[in-house]
Amino acid sequence: MLPIDRRGFLAFSAAAGAALASREAAPQAAAASGDAVSEAPGFYRFPLGQFQITTLCDGVFFLPSDSIAINAEAGERKAYFDAHFFEAGVVRLQVNPLVIDTGEHRIVVDTGLAPKEHWARYAGRFTTSSNEAGVALGEVDAIVLTHCHPDHIGGLASHADLFPKAEIVLSDVELDLWTSADAESKLPEWAIPNVEGLRKFFSEHEDRVRTIKAGEDIVTGVTSVDTSGHTQGHISLLVGSGSDQLLVTGDALPSIHITFDRPEWQIIWDHDREKGARTRRALLDRAAADRLLVAGYHYPFPGVGRVVKQGSGFRWMPTDWVWHS
């Protein structure tokens, strides 16, 4: 997801940072005085059949709350935000890249933000969390991009040299969306400033890029799923080993709150807002009906759980944190 207007969003981010400063002052002061321990390593690992899944913490960033639920009435939006303890004016988003180890292949799904991105100063720790988790980035075989917004491709674009063996896999529609001669005409206005950088990146790494059709396998046991709407070429992944299955949703299901309770509420960051809403409901229906384990990219860490049907909407049920010796 990207800012509507980068300059305006940077100003907003500065204001959001100031608003959060008082909350952060106490732990920062404690850390400076030596009264607090350092933060825990940012990874969570669990088995999926014969596969091993590792969720990495890239950090957190903030978006203006008026960029979501844009088709809801103002009073209904405010009541919802208040009831769910949203911070004033902002929505907090965790960033959770994923590593799939099938035993034969090591696949990274999305790579977080570029480090020290000034509009997301609490994110960009992908390589730190990878090191803490013992993930050897030099041994990664493939990097799958659900789509090319900078909170998903930023870690790769800024540190492509850390993945010398990895092919870069994305849908053919997504690659064309950002690199075609008429890319600007296919994008919402807020996304156009990213075209030049993405064209340059994919041109420089053309020999490493593998495009797929939605529905094709990445490797055996990892299949792409068409979840277009957020972007025209957005894909999710269905990961299966034996009888165990994991749905990796990217930004098709971006929040444990509004996405589940009100899937019809639209967000600015969807390129096609109406299709994004239809895709959300269809994917939630599938996850609930098939009792799939789900990994959410922007959910509270580690972002793994189940989808439960509830009334006209759905409910997020996080899995228990299990320690594996």
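A residue is counted as buried when its relative accessible area is under 20%. In this predicted model, Gln 266 has a relative accessibility of 16% and therefore counts as buried. Gln 266 is placed in the loop between helix H8 (258-261) and helix H9 (273-289). Apart from neighbours within four places in sequence, Gln 266 is in contact with Ile 68, Ala 69, Ile 70, Asn 71, Arg 273, Glu 274 and Arg 280.

One of these contact partners, Ala 69, belongs to the loop between strand E3 (59-64) and helix H2 (74-83). Although Ala 69 is not a glycine, its phi is positive, at about 55 degrees. The relative accessible area of Ala 69 is 0%, so this residue is buried. A positive phi in a residue other than glycine is also found at Phe 85, where the value is near 60 degrees. Phe 85 lies in the loop between H2 and strand E4 (90-95). With a relative accessibility of 74%, Phe 85 counts as exposed, whereas Ala 69 is buried.

Helix H3 spans residues 126-133, and its buried residues are Phe 126, Thr 127, Ser 129, Ser 130 and Ala 133. These residues lie on the same side of H3 because they cover an arc of only 160 degrees around the axis. The packing partners of the buried residues of H3 are strand E1 (43-48), strand E2 (51-56) and strand E6 (106-109). Just after H3, Gly 134 adopts a positive phi of about 75 degrees.

The aromatic side chains were examined next. A pair of aromatic rings is described by two quantities, the distance of the centres and the angle of the planes. The model contains 14 aromatic pairs. In the pair formed by Phe 62 and Tyr 122, the ring centres are 6.4 Å apart and the planes stand at 85 degrees, so the arrangement is edge-to-face. This pair links distant parts of the chain, since Phe 62 is in strand E3 and Tyr 122 is in the loop between E6 and H3, 60 residues apart. Phe 62 is buried, with a relative accessible area of 9%, while Tyr 122, at 26% relative accessibility, counts as partly exposed.

A further edge-to-face pair is made by Tyr 80 and Trp 265, because the centres of their rings are 5.4 Å apart and their planes are at 75 degrees. Tyr 80 belongs to helix H2 and Trp 265 to the loop between H8 and H9, so the pair ties together parts that are 185 residues apart in sequence. Both Tyr 80 and Trp 265 are buried. Trp 265 also has a charged neighbour: Arg 262 lies over the face of its ring, at 5.3 Å from the ring centre. A charge is likewise placed over a ring at Phe 314, where the charged end of Lys 309 sits 4.9 Å from the centre.

One aromatic cluster consists of Tyr 44, Phe 46, Phe 301 and Trp 321. Phe 301, a member of this cluster, is joined to Pro 302 by a cis peptide bond, with omega near 5 degrees. Pro 302 is located in the loop between strand E14 (293-295) and strand E15 (304-310).

Notes:
Residues numbered from 1 in each chain as written. Predicted model: local features only at pLDDT ≥ 70, side-chain atom pairs only at ≥ 80, totals over all residues. Heavy atoms only, no water. Buried < 20%, exposed > 50% of the residue type's maximum accessible area, 1.4 Å probe, protein only. Helix = DSSP H or I, 4+ residues; strand = E, 2+ residues; numbered from the N terminus. Arc of directions from axis to C-beta. Contact = heavy atoms within 4.5 Å. Phe/Tyr/Trp six-rings, centres within 6.5 Å; stacked < 30°, edge-to-face > 60°. Lys NZ or Arg CZ within 6 Å of the ring centre and 35° of its normal.
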